[in-house]
Amino acid sequence: MTATVDTDQLEAKVKDMYRHVAQQPDGPFHFELGEQVALRVGYAADRLTTVPPDALESFAGVGYFFDLAYLVAGETVVDLGSGSGTDVFYAASLVGATGRVIGIDFTPEQLEKARRLAAASGISTVEFREGRIEALPVPDSTADCVISNGVINLCPDKRAVFTEAARVLRPGGRLAVADIVSEQALTDAIVCNADLWASCIGGAAQQDQYLDAIESSGFVVDQIRENAYQFISEQARRASATYGVKSISVLATTTT
Ligand SMILES: C[S@@+](CC[C@H](N)C(=O)[O-])C[C@H]1O[C@@H](n2cnc3c(N)ncnc32)[C@H](O)[C@@H]1O
């Protein structure tokens, strides 16, 4: 990718879009939201009942990775770009009362909603911290697993995100993500369109470059698979068909 997006403009667009996702999840978006997309990509219906319904209605993930992450009781999990909290609550049900899940997000309305729902449902093993996933507010070597769903494509510096994930993981820790990548390089017109970035298309890295960024940040990639995820607007579907924009899940393990 040679062209770059205006990063200040992009951040403002991303925050604006995900404020709407938190507050008006039934509004028009390029992507699908909520329980139906979660079920389609592989979330277990019975475990989704542990997620507060108002969090699930704002679910904006693009795939499923919990079978790859293989979370066990007592683990500490960090969710990069936790949104309204679906994956944090879902992970909390897997790591149990002795585990801990920390969600990181930079959109105030998403954080406010997730915190309010955690308090209202009495789920005390979760925490939502304000921060950028390129500079995580999490100490070194404290997490067993880092997860992220539909977020890293939104970041211009993907390597910075993976380097931070490696920093906060304990030796042998896992990275399990679902994200949007492309088979072919996107045109400059798409890359420089902040609307398409904020909709999880414009920032899609080519798959091989995405996997290289993971491996050059201190991981070995163990598994990759495609998810049954589809964009819904005409513009997004067209870009997806032309450039092979698709959702994948990846499991990687730290090399140290
Ligand atoms: C597509 S949504 C996904 C939310 C959540 N993972 C889910 O599955 O519902 C992207 C989220 O990432 C957050 N985000 C995007 N870029 C970020 C960054 N650089 N640092 C922190 N949060 C970010 C947005 O605020 C938004 O809540």
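Y70 counts as partly exposed because it has 13 C-beta neighbours inside 10 Å. The scale runs as follows: buried means 20 or more other C-beta atoms within 10 Å of the residue's own, exposed means 12 or fewer, and partly exposed lies in between, with C-beta atoms placed from the backbone. Y70 sits in the loop between helix 5 (66–69) and strand 1 (76–80). Its phi is near 50 degrees, a positive value in a residue other than glycine. Helices (H or I, at least four residues) and strands (E, at least two) are DSSP runs, numbered from the N terminus.

S141 is not a glycine either, yet its phi is positive, about 50 degrees. S141 lies in the loop between strand 3 (126–130) and strand 4 (143–149). It has 14 C-beta neighbours inside 10 Å and so counts as partly exposed.

## Model basis

This is a predicted model: local features need pLDDT of at least 70, side-chain atom pairs count only at pLDDT 80 or more, and totals for chains, interfaces and linings use all residues. Residues are numbered from 1 along each chain as its sequence is written.

## Ligand shell

The ligand is surrounded by 24 residues (C-beta atom, placed from the backbone, within 6 Å of the molecule). The closest are G61, G81, G83, F106 and T107. Helix 1 (7–23), helix 6 (86–95) and strand 2 (100–105) are the elements that give two or more residues to this shell.

By class, the shell holds 11 nonpolar, nine polar and four charged residues. Here Ala, Val, Leu, Ile, Met, Phe, Trp, Tyr, Cys and Pro count as nonpolar, Asp, Glu, Lys and Arg as charged, and the others, Gly among them, as polar.

## Helix 1 against helix 7

The axes of helix 1 and helix 7 (residues 108–121) come within 7 Å and cross at roughly 25 degrees. Axes are lines fitted to C-alpha atoms, for helices over the stretch in contact; angles run from 0 to 180 degrees between N-to-C directions. The two helices are therefore roughly parallel, a label for angles under 35 degrees.

From helix 1, Y18, R19, A22 and Q23 meet E109, Q110 and K113 of helix 7. Contact means C-beta atoms, placed from the backbone, within 7 Å.

## Nonpolar core

The largest nonpolar core has 88 residues, of which F65 and V146 touch the most other members. Such a core is a set of buried Ala, Val, Leu, Ile, Met, Phe, Trp, Tyr and Cys residues joined through C-beta atoms within 7 Å. Not counting residues up to four places away in sequence, V146 touches V78, L80, A165, V168, L169 and L175.

Methods: Contact = placed C-beta atoms within 7 Å. Parallel < 35°, antiparallel > 145°, perpendicular 65-115°, else oblique.
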